[in-house]
Amino acid sequence: MISLISYYADLAIGLILAFLLLSLLVSGVNEGIVRLLGIRSKFLWAYLRDTLDGAETADGASRLDRILDALKRLGRTPRTPPTQAVSPEEGRSRLPASLVGVFARLPFGRDPRPAFSQQPPPVESPPLAAAAGSVAAEQMTAGQTGQATAAGETVDPAHPAGQADPEETAVLTVEPAADGAVDGAAVGAAVGAAVGVLPPDQGMSMAELLHERLQEIDHAKRGRTSIADIPPARFAVAVMEIATEHGGVEALIRDLDALKSPFSRPLKAVWDKASHDLEAFRHGVEDWFDGEMERLSLLYRRYVRWVIVALGLVVTLVFSMDSLEYGKTLLRDNAYRSAVTAFGEAGPQALEPLREQCEPGQDPYACVTDVLSTPAFVKIFTHAPVSVTMDAADGPAWGWHGGDWWQRLTSPAHWPGFLITLIALLFGAPFWWDILRRVSGLRTRTSGSTSS
């Protein structure tokens, strides 16, 4: 009875250990792809661009975006109504809304991350400006052009409207008085509003101002920031710093609203709830950003889950890991050990079960050594199309087993075992490590614990 329990314990530990190592392989490949393409950092800054700077213009999409949109339209069925075109006033989101967008548009399309800078944060930041390629920047440019055209004779032909200063643009927007004179107070108010929000080439966007306060912990990755995680407390302090340099929280909210930034609404709600108390406002912004990061993490994991499924399927098929066959091999190993243990008492006939594993004419003792030195766990990696064997005399030897590997894949008898392996890998390495720790009795050593 005790030996039977030992057999099943060895079976459980062997299966768990195999699933743990294969899950670690899947996680490692996934993490390598994410880090190589910078997907996690781009995903964060695409969200920050949408939230802080507003939507980008629909005509500012890259060539890759247009190709993906064309492929989506071709893939629709005739019964599916066509999607409405993106309104110029609404723009389009930088954050991808599909798995193809995460692993095609986001890595290889327009990079939403700010440019990396080796300089420390400056003492004085540039003024707030509309983000390049955003709806607010397009409308600001169109408004300046229309105002200059309407002004007509008031614009110097040698100084076109595109080169007008913010003060000149503000003067053109002022209504003339009844006697034809320009009201000085109105000009001053218009100039102040123009200085609050500038064109893209005369300042920094809200996302760029945020990155300016985080660049001391940054390092370059292809000329762009690699920041993929922002602590909520640091984000709240950065917003406070930007508001202080901008003339206060209310001035910042007003200008963000003029830029059509979605950030203006939660910022105004937090400011009103805090009753204009700066400390309560900081805590409110911190809590809001913490909730947004949790929601963004859930969205990111939903996309990555399908990548894990694809990588798990690839790993299962490459190693042709049949869980049912592997479990039988684990039990067979225990039977081999029992036969060898009984060899001293039962005589040479105890080796008969092992002779099936030996080549004709091979020394049975050498065969026993070879069989027991390659347990079931090692045999997991021998079913791949390329395998390596270690020889004491010649060293490592590589072998090609493409025919046997393809025969295993096309054999329906192995498909249930492949399916079980794929489902097991979806639980992830932390799950199997916890199960292994519970089954084997391993205990996690915690810092600060002392023996009594």
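**Exercise 1.** Leaving aside its neighbours within four places in sequence, with which residues is Leu44 in contact?

*Solution.* The model is predicted: local features need pLDDT of at least 70, side-chain atom pairs count only at pLDDT 80 or more, and totals for chains, interfaces and linings use all residues. Residues are numbered from 1 along each chain as its sequence is written, and side-chain values use heavy atoms, with hydrogens and water left out.

Step 1. Apply the contact rule, heavy atoms within 4.5 Å. With neighbours within four places in sequence set aside, Leu44 touches Ile227, Ala228, Asp229, Ile230, Met293 and Leu296.

Step 2. Take Met293: 249 residues separate Leu44 from Met293 in sequence, and their C-alpha atoms are 8.8 Å apart.

**Exercise 2.** Classify the ring pair of Trp288 and Phe289.

*Solution.* Step 1. Rings of Phe, Tyr and Trp (its six-membered ring) pair if their centres lie within 6.5 Å; planes under 30 degrees apart are stacked, over 60 edge-to-face, the rest tilted. This rule gives 13 aromatic pairs.

Step 1. The centres of Trp288 and Phe289 are 6.5 Å apart and the planes are at 45°, so the pair is tilted.

Step 2. Trp405 and Trp406 also form a tilted pair, at 6.4 Å and 55°.

**Exercise 3.** Is Trp406 buried or exposed?

*Solution.* Step 1. Buried means under 20% relative accessible area, exposed over 50%, partly exposed in between (1.4 Å probe, protein chains only).

Step 1. Trp406 has 53% relative accessibility, so Trp406 is exposed.
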